[in-house]
Structure formats: C-alpha cells, structure tokens
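This report describes a protein model and then looks into one part of it. The sequence and structure come first.

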Amino acid sequence: PAESARVGGDAPIDGQVAGTETPAAPADSALTQQLSALSTQVDKGRSAFDALYPAAADHVRAAAGAAVSSEAWVVAHVDLSALEQARYDSVYALASLDTLYAERTKALAEGKVQGGVTEIQAVRKAALATVDAQNDKVDELKAALKEP
C-alpha cells in the first residue's frame, strides 16, 4: 500500500507488492479517456506557449539592460505574463495528473481498482517534461530583465 512505501519513493505499481510482480492490468476505458483528455490539455498549453514564445523572447532581448519601467521593460513583462497564462493548460493538466495518480494508487492499494498507474505515470512524465521546459524558458527570460 501507498502508506508503506519508503519515504520519497513511489507506491507499488499495479501488481508489485513486496518484491513480487504480477502482470499489470491495463487501464480501464474511463481512465484511458481521462488520460487522453489530460494529454490533449497539455498539448493545448504547449501550443499556446510555443506560439507566444518567439515574440516574448524578442521583446525580452530588446529590453535586456533597459531601465525598470521603461516602455521596452513593460512590454517584455506583459509578454511574460501572457506566456504564464498560455501555459495554464499544461500546468493544470499536470496537477490533475498528480491528483489522479494519488487517487489511483490509493484505490489500487485498497483493492478497489486494478491497473492504470503505469499509464498515468507515462502521461504524467510527458506533461512534466513540457511544464519543466516551459519553466526553464520563462526563468531564462525573467533573468534577462532588471528587477525593480
């Protein structure tokens, strides 16, 4: 059960209990549909972010070294805010996947469901990679601007 997993580790995945493994049960159709919807939401956030990023990066480069509150600095910050908003779908989907993972591992440990954790982890890993890449890009842009 999740409660007995080592601190900082993962709960047993599907058929793994005390060092023994059984074949993982496939995700049920409801979970598969939910994962598909969350994956689509991540893609939506990635597309929105990627569409705005080039202009935002150009404006930040133009504002690098500009005085705080100058027109170039303000434009760059407005673009950064738009980038943060554009990635909402990706971040929200990742949070939903975290919740889904926790709920599924609990239900699995209680014997209420079978399988599905492996599929959740795969979609979560892809979502996390997207959000991490977005975080890195936003942090890089922010670092180029003077702080007030």
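## Overall make-up

The model is predicted. The protein contains four helices and zero strands, and its pattern along the sequence reads α-α-α-α.

Of the 148 residues in the protein, 32% are buried. When contacts between residues at least 6 apart in sequence are taken, 76% of them join residues at least 24 apart.

## Helix 2: extent

Helix 2 runs over residues 71-86, which is 16 residues. From its first C-alpha to its last, helix 2 reaches 23 Å, close to the 22 Å expected at 1.5 Å a residue.

Which residues of helix 2 are buried? They are Trp73, Ala76, Asp79, Leu80, Leu83 and Ala86. These residues lie on the same side of helix 2 because they cover an arc of only 140° around the axis. In general, an α-helix has 3.6 residues a turn, so residues three or four places apart point the same way.

Glu71, Val78 and Gln85 sit on the other side of helix 2, and these residues are exposed.

## Helix 2: what covers it

The cover over the buried residues of helix 2 includes helix 1 (29-63), helix 3 (88-109) and helix 4 (117-143).

Terms used. Residues are numbered from 1 along each chain as its sequence is written. This is a predicted model: local features need pLDDT of at least 70, side-chain atom pairs count only at pLDDT 80 or more; totals for chains, interfaces and linings use all residues. Side-chain values use heavy atoms; hydrogens and water are left out. Helices (H or I, at least four residues) and strands (E, at least two) are DSSP runs, numbered from the N terminus. The expected span of a helix is 1.5 Å times one less than its number of residues. Buried means under 20% relative accessible area, exposed over 50%, partly exposed in between (1.4 Å probe, protein chains only). The arc is that of the directions from the helix axis to the C-beta atoms. Contact means heavy atoms within 4.5 Å.
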